[in-house]
Amino acid sequence: PCLPDAVQACPKVVAALREYGFASAESALTGRTARVHGRSIQVGDVVLYRGDGHNDFRVGEVHFHASLGGEIFACLSHWPLKRETNQWKKVIVKNGLTIVPSAWLEKSLIYSPAEVGKLATVLMPAL
């Protein structure tokens with residue numbers, strides 16, 4: 001992963017990184033776009049990302065990308081699963097933040113927008 005448009009992180013990003021235990025948050029770089037697995041993933045994209053296990057795929061919205069200590073991270077809101085098939089997932093739109101290594105991001109998804117607390121439908125890509 002890389003941040004092709006990296007700039008010095010704003011105070012809001014630094015504060016979020018510090019809250020998650022990144023001691024050197026002040027040295028962070030941030031960018032609107034991350035290049036991951038040959039794809040561009042931008043702030044605001046709804047993405048499929050890996051969770052704890054090999055087949056644990058989750059959905060979330062990207063809030064920012066950050067580079068810290070030579071590693072790239074994505075801050076996103078995890079959207080919990082409600083129902084799923086092989087073609088789609090019904091997820092609950094949430095605002096909470098989680099930070100994961102950008103290498104866990106798989107790809108951006110097509111989805112039906114919904115308000116916070118409501119169900120959104122995301123189309124599942126072939127992996």
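This is a predicted model: local features need pLDDT of at least 70, side-chain atom pairs count only at pLDDT 80 or more; totals for chains, interfaces and linings use all residues.
Reader: Which strand is Gly31 in?

Author: Gly31 belongs to strand 2, residues 29-31.

Reader: And what does Gly31 touch, not counting residues up to four places away?

Author: Gly31 is in contact with Leu3, Asp5, Val43 and His65.

Reader: How far apart are the C-alpha atoms of Gly31 and Val100?

Author: 15 Å. Along the chain the two are 69 residues apart.

Reader: Moving on to Thr33. Where is it, and is it buried or exposed?

Author: Thr33 is in strand 3, which covers residues 33-36. Thr33 has 13% relative accessibility, so it counts as buried.

Reader: What are the contacts of Thr33, leaving out residues up to four places away?

Author: Thr33 touches Cys2, Leu3, Pro4 and Asp5, and also Ser40, Ile41, Gln42 and His65.

Reader: Is His37 buried, partly exposed or exposed?

Author: His37 counts as partly exposed, because its relative accessibility is 48%.

Reader: Buried or exposed?

Author: Ser102 counts as buried, because its relative accessibility is 0%.

Reader: What does Ser102 touch, apart from residues up to four places away?

Author: The contacts of Ser102 are Pro1, Val36, His65, Ile72, Phe73 and Ala74.

Reader: Zoom out. How many helices and strands are in the chain?

Author: The protein chain has one helix and twelve strands. In sequence order the pattern is β-α-β-β-β-β-β-β-β-β-β-β-β. The radius of gyration is 14 Å, close to the 14 Å from the globule rule for 127 residues, so the chain is as compact as a globular protein of that length.

Reader: What box do the C-alpha atoms fill?

Author: Roughly 40 × 30 × 25 Å, along the principal axes.

Reader: What share of the residues is buried?

Author: Buried residues are 39% of the 127.

Reader: Which residues have the most contacts inside the largest nonpolar core?

Author: Leu17, Phe22, Phe64 and Ile99, in a core of 14 residues. Helix 1 (11-19), strand 6 (57-68) and strand 7 (71-79) each give two or more residues to this core. Helix 1 provides the largest share, four residues.

Reader: What is Ile99 in contact with, leaving aside neighbours within four places?

Author: Ile99 contacts Ala16, Leu17, Tyr20 and Phe22, together with Phe73, Ala74 and Cys75. There is also a second, separate core of twelve residues, including Leu3, Ile41, Tyr49 and Leu76.

Reader: Last topic, charges. How many positive and negative side chains?

Author: There are 14 positive and 11 negative side chains, with the centres of the two sets 7 Å apart.

Reader: And how much accessible surface?

Author: About 6,900 Å², with 53% of that belonging to carbon and sulfur atoms.

Conventions:
Residues are numbered from 1 along each chain as its sequence is written. Side-chain values use heavy atoms; hydrogens and water are left out. Buried means under 20% relative accessible area, exposed over 50%, partly exposed in between (1.4 Å probe, protein chains only). Contact means heavy atoms within 4.5 Å. The radius of gyration is taken over C-alpha atoms; the globule rule is 2.2 Å times the number of residues to the power 0.38. Accessible areas come from the Shrake-Rupley method with a 1.4 Å probe; for residues, only the protein chains shown count as cover. Lys and Arg count as positive and Asp and Glu as negative; His and the chain ends are not counted. The place of a charge is taken as NZ of Lys, CZ of Arg, CG of Asp or CD of Glu. A nonpolar core is a set of buried Ala, Val, Leu, Ile, Met, Phe, Trp, Tyr and Cys residues joined through side-chain atoms within 4.5 Å.
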